[in-house]
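Trainee: I would like to go through this model with you, beginning with the ligand. Could we take it topic by topic?

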Amino acid sequence: GGLGLAAWSTAYFADLIINDDLDSIPDRFRTRLPESKRDDRPRVVILGTGWASLTFLRKLHTDEFNVTIVSPRNYFLFTPLLVGGTTGTLEVRSIIEPVRKYCQRADANEATFIEAECVSVDPKKKTIKCVDNSAIKGEVSEFELEYDHLIVGVGADNQTFGIPGVRENSCFLKEINDTRVIRDRILDCLETASYPGQPEKEIDRLLNFVVVGGGPSGVEFTAELKDFLHSDLLRTYPLAKRINVTLVEALPHILNVFDKKIVDHVEKRLQETSNFKILTKTAVTNVREKEITVRNDQKVESQIPYGLLVWATGNTPRKITTQIGQSIGTNIQNNRRGLIVDEYFRVVGAEGIWAIGDACIDPQKPLAQTAQVANQQARYLGRLFNHLAEDIYRQKVDDKPEVVPITPQQQQTLVIHPKHAELQQTFDNILKKQPLFKYHHMGTLAYVGDHQAVAEFKGDTSTTTFEGYVTYYLWRSVYFSKLLSLKNRVLVAFDWTKSTIFGRDVSRG
Ligand code: NAI
C-alpha cells in the first residue's frame, strides 16, 4: 500500500512538472465561454478513442471549440493491462471507460461522440467521410463531417508483413475482443485435447501454443500464460502438463530495445521450465490453419504444428492513416510508420490536420509507439489548442496580429480554408511562441511472470535496471495509479484480489 501510494504520488507530480502542466489552468477553475458566444467556434474533429485521442479530449477546453469525436469503438481501453485479460487475471470490463463520460463537462454534453469508422479524409475540402461498421445499421449509415481542425489519433494496426495466413489464423493482442478469443482458445484447446480417443499427435498439436514476436507484447503474454498454466491449468486439467509454449523471434534476442541485463534475465526466467522455450533467429514465413512454417538464420525451413497462435510482431499504420497520407501526396507523406508531422504535430502538407500517438512520426525525432509517448503528445497538443483558443478564438482578429510571413514553401503546401483563412497568420505566430514538445521518458516496465517484473530507466549517459518482486509491485502500482477512474481502480483491485485468492476462472464463455 505504501509503495503504491509513493509510486502514485511521485508519478502524478513528476508528470505535472515534466509536462509543464503547472502553468495551465485546470478546466474546472476557468471561466467558460458563454453559450451565447459559442455559435462560431472552430470545429474540431477527433478521430479515435485511444490514448492519444482521449488524453487530448480530456485536456481540451471543450467550451472553446465545437468538438466531435468519431471512433468505431465507444470506449477507451487501458492497453498496458490488456494482456491480463487473456488469462483472466483481470476482466477486461475493468479496464475500459465509456468515452461519452468524457464528453461531459460542467454537467453538460460539451462534445459529441459518434460511433463510426472514418474511411476517408479530403484535406482540400476539409471533410471526412464516415460509415457505420457495427452490426446494427439504421437508414443512415454513412455521413460526412466538416472540420477546421482534424486530430488524427487512430493508433496503429497489427503488423503482419503480408505473411500469408496470419490474419485468418492467428490471434492478435490489441483489442478487447482479442483477449476474449485467446482466453477461449486456450481452454478450447485443452477441452478438445481431452476428447476420448484423441490421437497422441493431435493432443501434442492442440497443446502446442506459439507466440510470434519477442517484443514487450509477446513477452508479457508468454509470462501471463506461464502463470495461468502453473497456478490454474495444471490443477484443473490433467493434460495441462503436456502444454508447450514457444516464443518465436526473428532477431538473436527478445526485447531488443531493453538493456542486455534485462534481456538475459527475462530469457532465463521464461525458459526455467522445460515446456517454455524461446526460438530466436527464427522468422515465421507462412501460417496455415494448424501449422506454421519457420525459417532459421541458416535459411532452413521447418513446420511447427499449433493449437493456439498469438501474433505480436509490432505495428503498421491503419488504413485511414495511409489514405490521409495518399490524399496529401506520397511525395510529401512518404513515411512507412505514419503521418509525417512537424514540431507542433501538424501533418505536413495539409492545413488543419494534426496527428498524435502511434499514427504520427516526426522523422527528426522518432519516438517509440507507446502509451507514454501518445499521452505526452496529446497533453501537449491539448494545451497548444487551449492557448490558441485563448489567444485567437476568444479575441478573434480584432487585435492587430504581429505579422510574421510564412515561408513560400509552406505557402505552397498549405491549403487555406476560407472560413479561417484570416486567422492563419495569427495562428502561425501564436504557435511560434509556444514551447516545443519535449518527450520525457519515465522508464519502461514489463511483467515477466511469477510475480516478477523488469524496469528500465534510461538517463542521458547511463541506464538503471531493476528486476524481481519489488519491481513487480512497482509495475502494478504505477499502472494502477495511471488508470483513469476510481471505478476502474476498484474493479482492477477487486479482480487482482479475486484471482490471487480463488485462482483464475477456467470456464469458457
Ligand atoms: P515490437 O515491434 O516491439 O516487437 C515485435 C518483434 O517481433 C520484434 O522483436 C521482431 O523482430 C519480431 N518479428 C517480426 N516479424 C517476425 C516474424 N515473422 N517472425 C518472428 N518474429 C518476428 O512489437 P510489440 O511487442 O507488439 O510492441 C509494439 C509497441 O508497443 C512497441 O513500441 C513496444 O515498446 C510497445 N509496448 C510496450 C510495452 C511495455 O512497455 N510494457 C508492452 C507492450 C507493447
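**Ligand site and strands**

Mentor: In this predicted model, 24 residues surround the ligand, and the closest are Ser 217, Glu 249, Ala 250, Val 284 and Leu 445.

Trainee: How do the residues of that shell divide into nonpolar, polar and charged?

Mentor: The shell around the ligand holds 11 nonpolar residues, 11 polar ones and two charged ones.

Trainee: Which polar backbone atom lies 3.1 Å from a nitrogen atom of the ligand?

Mentor: That atom belongs to Ala 250.

Trainee: How much of the ligand's accessible area does the protein cover?

Mentor: On its own the ligand has 850 Å² of accessible area, and the protein covers 76% of that.

Trainee: And which elements give two or more residues to the shell?

Mentor: They are helix H6 (216-236), strand E16 (282-287) and strand E24 (444-449).

Trainee: Let us stay with E24. Why is E24 described as largely enclosed by the rest of the structure?

Mentor: Because five of the six residues of E24 are buried.

Trainee: What does E24 pair with, and in which sense?

Mentor: E24 pairs with strand E25 (residues 452-458) in the antiparallel sense, over five bridges. Within that pairing, Ala 446 has Val 454 of E25 as its bridge partner. The hairpin of E24 and E25 has two residues between the strands, and Asp 450 takes a positive phi near 50° there.

Trainee: Going back to E16, what is the order of strands in its sheet?

Mentor: The order is E16-E17-E18, in an open sheet of three strands with antiparallel pairing. E16 and strand E18 (301-305) are the edge strands, each pairing on one side only. From one strand to the next, the twist averages 35°.

Trainee: How many bridges join E17 to E18?

Mentor: Five bridges join strand E17 (residues 291-296) to E18, and the two run antiparallel. Val 294, for instance, has Ser 302 in E18 as its bridge partner.

Trainee: A change of topic: is Val 121 buried or exposed?

Mentor: Val 121 has a relative accessible area of 4%, so it counts as buried, the cut-off being under 20%. The residue lies in strand E8 (residues 117-122).

Trainee: How far apart are Val 121 and Glu 144?

Mentor: In sequence, Val 121 and Glu 144 are 23 residues apart; in space they are 9.5 Å apart, C-alpha to C-alpha.

Terms used
Residues are numbered from 1 along each chain as its sequence is written. This is a predicted model: local features need pLDDT of at least 70, side-chain atom pairs count only at pLDDT 80 or more; totals for chains, interfaces and linings use all residues. Side-chain values use heavy atoms; hydrogens and water are left out. A residue is near a molecule or strand if one of its heavy atoms lies within 4 Å of it. A polar contact is a pair of N or O atoms within 3.5 Å; within protein, one must be able to donate a hydrogen and the other to accept it, and residues adjacent in sequence count only if both atoms are side-chain atoms. Accessible areas come from the Shrake-Rupley method with a 1.4 Å probe; for residues, only the protein chains shown count as cover. Helices (H or I, at least four residues) and strands (E, at least two) are DSSP runs, numbered from the N terminus. Ala, Val, Leu, Ile, Met, Phe, Trp, Tyr, Cys and Pro count as nonpolar, Asp, Glu, Lys and Arg as charged, and the others, Gly among them, as polar. Two strands pair if DSSP finds at least two bridges between them. Axes are lines fitted to C-alpha atoms, for helices over the stretch in contact, and angles run from 0 to 180 degrees between N-to-C directions. Buried means under 20% relative accessible area, exposed over 50%, partly exposed in between (1.4 Å probe, protein chains only).
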